[in-house]
Amino acid sequence: MSDAVDREDRAAPVAPPATRCGPAVVRAGHHSVWSLGPGFKALFRKECLRFSKVALQTIIAPVVSTLLYLLIFSHVLSSNVKVYDGRVGYAQFLVPGLVMMAVLQNAFANSSSSLIQSKMMRSIVFVLLPPISSFELFCAYVLSAMVRGVAVGLGVWLITLPFVGAAASVPEHPLWVLAFAVGGSAILGTLGLVAGIWSEKFDHLAVFQNFIIMPLTFLSGVFYSIHSLPPFWQALSYFNPFFYMIDGFRYGFFGLSDINPWRSVAVVAFFVIMLGAIALRMLATGYKLRQ
Amino acid sequence: MKPEPVLAAVEVIDVCKSFPNVRALDHVSLRVEQGEFFALLGPNGAGKTTLISILAGLARADSGQARIMGFDTVAQARDARLSLGVVPQELVFDPFFTVREMLELQASYYGVRGAGAWIDEILHHLDLTDKANTNMRALSGGMKRRVLVGQALVHRPPVIVLDEPTAGVDVELRQNLWTFIKRLNREGHTIILTTHYLEEAEALCQRVAMLKGGRVVALDTTANLLRGASGITVEIAADAVPEAWRGRAAVQATGAFGFTLAGYGELEPLLAAFRESGIAIAEMKLGAADLEQAFLRLTSPTAATAEAA
Ligand SMILES: Nc1ncnc2c1ncn2[C@@H]1O[C@H](COP(=O)(O)OP(=O)(O)OP(=O)(O)O)[C@@H](O)[C@H]1O
Ligand SMILES: [Mg+2]
C-alpha cells in the first residue's frame, strides 16, 4: 500500500490518533475557497477532451453553418443595407457579428449540454464524489465552454477571410476583440452552466435555447446596425445584453460602434459577475445536483 | 494509562433524511471501526443508498451528522471525500471514454499522479485488462459495474463503500471481485457493502446493520445475528399442507411449502402431521439457520413491532 501514488497540493499524510495498521488518514492539504487544485485541472482537461473528441459536431459543424449565414445574408442584403454610413461594406460588417454569435452560442452549448448529458446519464456523480470545490467546478465548466466558443469563433473568422478579404477583416483593436470574446464567452458559458443545472431534461434546455438564446442573438444587431431600426426596436435593443457584446466586439474590428465600447464593457462585466454569483451559489448549495 | 479512543472509519449520528412523502432515514446512528468488513442490509427502499449518499456528500442530511475517518461530511467535505471511495448502485458511465481513460480521469480528479501501475493492478483484479482500451459504451452491464468498482479504488481511499457491487456480475467474477476486496480489507481498508445476496454478507462481513423503513432494526456481529436466528428451514414439495400447519407455511417460488422451525425438535411433529393427514411428500429440503432467516425475521412486516416491544 505504500508505493508511489503521490497527491498534488502538499498532501501530508496525517497519522490517525491511535495506532492501527491500515491506510493513513489523508488530508487534502490547505485549500481556500478560491484556489484551483488538481481537481479543477482534471475536470477542465476532461471537458475540453469531451468536445474535441467530437470536433466534427462541436467545432466544424457550427463553423460551416455560420459560413452559410455569411454567404446567404451578404448576398441577399449587401445592396440594400448600409452600415456606418457606408464606411464599412456589409459582408465585412457581418463577419464580426457572426464570429461573436458563434462564440456565444457555442460557449452556451458546451457547458449546458455537458451538464445535462451527465445529469441524464447520471455520470455527474463522478465529479460530485471527488474533492472538487464549487469554485473549481465553476471554473472548469466555464473555461472549457470559453475554449470551445473561442475555437469556433476563430474557425468562423478564418473561414470567412477568403470571402471578405484579409485586409477587410483584420481587427483594428485586437485587445478589444479579445476582451469581448473572453467576456462574452464567459457570460454564455456561465449561463449554460446555470441552464444545465436547472434543466431536468433536454426539453427544458431547448426552452432556454429557443426562447432566450436564439431571439436575443438574432435581435442583437448581428445582421444590422441598430441605428437602422425604428425607434421602438432601437430602444428595446438597449435591454439586450447580447447587443453590447456584439457591438463592443465589432468596435474591436472597425473602431466603429453603435455605442461607446466602454459602456459595453461595463454591461459585460456586470453580467459576468451577476451570473457568476448565481452559478456559484447554485453549486455551493448543491441545487438540483445534490439532494 | 487509558488508550486513546480509536478513530471510527465511519460514524453516523442521529441522521434523518426525508424526501417528499417518504422518511428515508429516521434517526440512524451507527459506527464502523477501521478495518471492518461491514454489511448494510435491508429490503428495497430501506434507506441504504440514501445513507451512502449522505456519507458521500451526494445528499445532505436534514439533521444529524456523518463523519468519515473523523472528517465531517459537510464541514470538512474535501477531507471526507478524499477518504472515501463509493461504488454507486446505479450503473453509470461516461460514453465518451475508454475503461482506462475513465480510471485515469477519476484518479486525476483526486489529484493522484503516477497511478498507472495501480490502475494496471485494478484492471487485472477486475478482469478488465483486455478491455482497457474499449469504449465504455461497448461493455456489458457486469463489466460496467466492475469499472465502477475500479473507479472507487483509484485514490486508495481508507474507506470503501460498495452499493450492490455484485448485481449483474457473474458467479466467477463475483468470486474474483471478493478476493480482491478481501485483500484490500486485509491491507487495512474499511469495507462497507450493501447486497441482496445475503450469503455474501454472511461469508464476508464481521458485522451487519439491518435497515428497515429508514430505521436500524439490528446492529450486531454476523455471528450473533445467526445465533438469534437459530432454527432450521424446511422446504416440502407436496399437494397440500396439514390443517394444523397451514398458518406457518409459506409458498416458495418453486411451488413448495416453506416452514421455519425453532429447531430439529419441531421437525418430527411436522412430518408426523403430513403422515397423519395422508399427504405424500414428493421432495424435502433442509436448511440451516442463515442470515436470510435473521433478515426475514427482523424485516418482516410483523417483526419490527415485536422487536420494538
Ligand atoms: N431522490 C429521491 N426522491 C424521492 N424519494 C427518494 C429519492 N431517493 C430515495 N427515495 C426514497 O427513499 C427511500 C429509501 O430509498 P433508498 O434508495 O435509500 O433505498 P435502498 O435501501 O437503497 O433500496 P434498494 O435496496 O432498492 O436499493 C425509498 O422510499 C425511496 O423511494
Ligand atoms: Mg439502494
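**Close-up views of a predicted model**

**View 1. The magnesium ion (ligand 2) has Thr49(B) (OG1) and Gln89(B) (OE1) as its protein donors, 1.9 to 2.1 Å away.** Thr49(B) belongs to helix 1 (residues 48–56) of chain B and Gln89(B) to the loop between strand 6 (84–87) and helix 3 of chain B, so the pair ties together parts 40 residues apart in sequence. Donors are N, O and S atoms within 2.8 Å of the metal (3.2 Å for Na, K and Ca); water is not among the atoms, so sites may look incomplete. Thr49(B) is partly exposed at 32% relative accessibility, and Gln89(B) is partly exposed with a relative accessible area of 32% (buried means under 20%, exposed over 50%, partly exposed in between; 1.4 Å probe, protein chains only).

This is a predicted model: local features need pLDDT of at least 70, side-chain atom pairs count only at pLDDT 80 or more, and totals for chains, interfaces and linings use all residues. Residues are numbered from 1 along each chain as its sequence is written, chains are lettered from A and ligands numbered from 1 in the order in which they are written, and side-chain values use heavy atoms, leaving out hydrogens and water.

**View 2. Helix 3 (residues 99–109) and helix 4 (residues 116–125) of chain B pack at an angle of about 130 degrees, with axes 11 Å apart.** Axes are lines fitted to C-alpha atoms, for helices over the stretch in contact, and angles run from 0 to 180 degrees between N-to-C directions. Helices (H or I, at least four residues) and strands (E, at least two) are DSSP runs, numbered from the N terminus. Val99(B), Arg100(B), Leu103(B) and Glu104(B) of helix 3 meet Ile119(B), Asp120(B) and Leu123(B) of helix 4 (contact means heavy atoms within 4.5 Å).
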